[in-house]
Amino acid sequence: MKTLQLLFILSFLLGGLQQAFGQIDQEFLVKQLEYSHTNENWFAPVNIAMDDLSAKNANWHDDSGNHSIAQLVSHLVFWNERLLKAMQGKDVAEFDGNNDITFSEISEEDWKNMTQKLDQILSEIEEETKKMNEEQFAGWKETLANIAAHNAYHTGQIVYIRKQNGWWR
């Protein structure tokens, strides 16, 4: 009986999620992508979170084993670049499932280039989303909603690290 109740609850929740994603329109989702990238709303976007941050500070680690800001940015570049390539119809290499490899240190020389690369990738994702027809958008909207949330999540970590160290506004 409990299994039947659990299955009912799960099917209800999944149906609700499918309905929620079904109601997301393109303009709304583009705004969510922009909020997590450049447009400050009720949380800081990634471009503001990375603004005026030195490579030395970006590579700072505490004792807990948590990721550095540089590692978080590397991770965001990895996943957003894969998404952009897929949206553009380009081949995307098979992922081996080891997410740890996406969190790389970034050298002093590469820090500025990496932040610019993330900005460019996110801009292109927004532009690709705007160009989609209804059918294309229907196939991508769940993934795009998830990437906007993913980007905002890791941006929150970046802001937290900056606040923890007195590097935030």
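1. Of the contacts (heavy atoms within 4.5 Å) in the chain between residues at least 6 apart in sequence, 77% join residues at least 24 apart. The model is predicted, so that local features need pLDDT of at least 70 and side-chain atom pairs count only at pLDDT 80 or more, while totals for chains, interfaces and linings use all residues. Residues are numbered from 1 along each chain as its sequence is written, and side-chain values use heavy atoms, with hydrogens and water left out.

2. The secondary structure comes to seven helices and zero strands, where helices (H or I, at least four residues) and strands (E, at least two) are DSSP runs numbered from the N terminus.

3. Buried residues, meaning those under 20% relative accessible area with a 1.4 Å probe and protein chains only, make up 35% of the 169 residues in the chain.

4. Helix 6 (residues 108–131) reaches 36 Å from its first C-alpha to its last, close to the 34 Å expected at 1.5 Å a residue, the expected span being 1.5 Å times one less than the number of residues. Its buried residues, among them W111, L118 and I125, pack against helices 2, 3, 4, 5 and 7.

5. Leaving aside neighbours within four places in sequence, I69 is in contact with L53, A58, W111, I158, I161, R162 and W167.

Conventions. Buried means under 20% relative accessible area, exposed over 50%, partly exposed in between (1.4 Å probe, protein chains only).
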